[in-house]
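Please look over the sequence and the model below.

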Amino acid sequence: MLAVGTNDVGLLTFAMPVHESLSRGIATVFDKYVIFWQKGYQSTDNVEGSATSKLKGVAYTNISNSSDLRTPFPERYTRVWDVSDYVIPAQQTNGFFVMTNMVLSPMQSRGACPEDPEIDRDACTTDVECKPDEGIITGNGIKTGRCVNATHPKTKEATTVCEVKAWCPVEVDIRPLWTSAILEEAENFTVLIKNSISFPKFGFVKRNILDTTDPMYLRSCRYSRLKDPLCPIFRLGTIVAETGQSFRQMAIKGGVITIDIQWNCNLDLSYKLCLPKYRFIRADEQDAKIAGGFNFSWFDTPLRVGFGKFYRINDTEYRDLTKAYGILFQVKITGVAGKFDIVPLMLNFASGVALLSLATVMCDVVVLYLLKKRKYYKEAKFQNVASNENGPQKTYEEVAALCEQALVTSLPITQLNNNHQTPPGMGGSNHSLRDEITHPTTNETKKPTSL
Ligand SMILES: *[C@@H]1O[C@H](CO)[C@@H](O)[C@H](O)[C@H]1NC(C)=O
């Protein structure tokens with residue numbers, strides 16, 4: 001019935017500055033009605049749903065010949081990576097974390113060893129300076145009380161540091177490459193997202209993998225916003241690109257991305273037409289912007305998880321420690337469905353009737369107080385005045401009717417006017433109400449317009 005989008009701010013937004021707040025207020029109230037009216041015959045329900053994900057992709061890395069090398073232990077990063085290596089933890093509901101970069105510290109065992117010189121540089125010259133049983137803030141262990149020789153891992157310089165009780169040798173926390181991530185190839189990994197939803201109120205259930213989808217298609221398709229927006233298999237690089245980010249940059253220190261699966265359905269239409277829409281949002285920087293307020297970059301807040309894999313050799317417990325940087329993908333399911341219902345229809349019908357009478361009152365306000373020629377209309381409304389002094393005029397009734405028509409059909413008045421030929425004998429003026437709504441301080445004696 002009403003042919004206006006929700007962004008259409010209605011008919012009064014063109015008013016002059018002083019009226020701006022007033023007209024915006026009226027427009028907002030009015031707009032609410034329009035939204036209400038658009039699906040006013042439906043009752044609604046929010047989506048319920050769950051999602052699981054399955055990643056695919058294998059990579060082989062070898063950085064020993066890299067010109068970008070930063071770590072003193074490049075050989076640790078020569079290896080193959082499959083799903084069990086880079087998805088941490090293995091199963092997560094409504095999300096998944098993909099490791100893209102890491103610091104590896106293999107074969108650590110409990111013992112005493114020099115602290116990382118990067119943490120405790122030139123910490124001591126004698127044992128006295130290494131107080132026993134004292135921890136080092138952000139360090140790897142508890143001091144033993146001895147000052148020992150060590151080699152700086154980056155500069156290879158000899159130095160002295162406090163010895164610590166720790167997992168030894170201690171982790172040297174240096175990302176392996178300066179300007180890129182180890183697992184850049186994760187850009188080409190894919191994830192299949194299986195999503196089931198329901199609108200409980202309407203007993204409606206559906207999945208994002210459509211029943212009609214043929215298995216061959218599912219094996220080969222890749223999501224693309226323009227070319228294949230319904231394919232449930234996503235290349236990680238595509239997801240990150242959709243947020244406006246560079247995967248390669250994000251892979252270095254990680255980040256958080258929300259995958260929003262939107263189900264906005266009109267259940268009065270065919271089952272087939274209720275389809276998901278995918279949106280991708282970078283979630284971490286936005287939070288940081290609110291918190292920081294300055295030109296914050298998420299590169300400053302790495303997303304990092306540490307974990308060990310433990311094993312025993314000859315009764316000694318060892319661990320391979322991994323500090324993983326990666327991208328956390330959160331899957332969120334949102335949406336609303338509407339379906340015909342007689343109750344809201346009657347309610348909205350009633351408020352629609354109220355709107356009609358409201359429109360009359362509002363148009364009175366517009367015509368009698370806001371238009372340039374309000375004085376004339378006031379007289380025309382309350383007295384019978386001969387109206388031919390300034391040439392042909394619209395009568396009060398005509399202007400008010402125009403206003404009401406605009407209000408009720410919610411067409412912007414300019415549009416109404418463009419499509420609306422002034423009948424002959426009405427002065428042939430082709431200006432609209434828009435021209436007539438003026439600043440209230442406009443001098444009444446100003447050169448009259450053709451109204
Ligand atoms: C991803 O795949 C494309 C095409 O196969 C290739 O050109 C590109 O180098 C790959 N990206 C990475 C980071 O390996």
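The report runs from the whole chain to single residues.

**Basis.** This is a predicted model: local features need pLDDT of at least 70, side-chain atom pairs count only at pLDDT 80 or more, and totals for chains, interfaces and linings use all residues. Residues are numbered from 1 along each chain as its sequence is written.

**Overall fold.** The chain holds 11 helices and 16 strands. Both are DSSP runs numbered from the N terminus: helices are H or I with at least four residues, strands are E with at least two. Of the 451 residues, 29% count as buried. Buried means that 20 or more other C-beta atoms lie within 10 Å of the residue's own; exposed means 12 or fewer, partly exposed lies in between, and C-beta atoms are placed from the backbone. Among contacts with a separation of 6 or more, 67% join residues 24 or more positions apart. A contact requires C-beta atoms, placed from the backbone, within 7 Å.

**Strand pairing.** Two strands pair if DSSP finds at least two bridges between them. E1 runs antiparallel to E16 (residues 336-340) over 5 bridges. Ser-43 has Lys-339 in E16 as its bridge partner. Elsewhere, E6 and E7 (residues 158-168) pair antiparallel over 7 bridges. Asn-149 stands opposite Thr-160 in E7.

**Annotated sites.** UniProt, in an unreviewed entry, places the feature "binding site" at Lys-54, Leu-55, Lys-56, Thr-190 and Lys-323. Its positions use the numbering given here, feature names are shortened, and annotations may be inferred rather than shown by experiment. Leu-55 sits in strand E2 (residues 48-56). Leu-55 is partly exposed because 19 other C-beta atoms lie within 10 Å. Beyond four places in sequence, its contacts include Val-83, Phe-96 and Val-191. Lys-323 belongs to strand E15 (residues 316-334). Lys-323 has 18 C-beta neighbours inside 10 Å, so this residue also counts as partly exposed. Beyond four places in sequence, Lys-323 contacts Met-102, Val-103, Asp-173, Arg-304 and Gly-306.

**A buried loop residue.** Asp-120 lies in the loop between E5 (95-114) and E6 (142-151). Asp-120 is buried because 22 other C-beta atoms lie within 10 Å. Its C-alpha atom is 9.0 Å from that of Thr-160, 40 residues apart along the chain. Val-161 and Cys-162 are among the contacts of Asp-120 beyond four places in sequence.

**Backbone exceptions.** Most residues other than glycine have a negative phi, and most peptide bonds are trans. These depart from that pattern:

| Site | Feature | Angle |
|---|---|---|
| Ile-88 to Pro-89 | cis peptide bond | omega near -15° |
| Cys-168 to Pro-169 | cis peptide bond | omega near -10° |
| Met-107 | positive phi, not a glycine | about 55° |
| Lys-156 | positive phi, not a glycine | about 65° |

Pro-89 is in the loop between helix H2 (83-86) and E5. Pro-169 is in the loop between E7 and strand E8 (190-199). Where is Met-107 placed? Met-107 is in strand E5. With 13 C-beta neighbours inside 10 Å, Met-107 is partly exposed. Lys-156 belongs to the hairpin of E6 and E7, which has 6 residues between the strands. Lys-156 is exposed because its C-beta neighbours inside 10 Å number 8.

Definitions and conventions. Contact = placed C-beta atoms within 7 Å.
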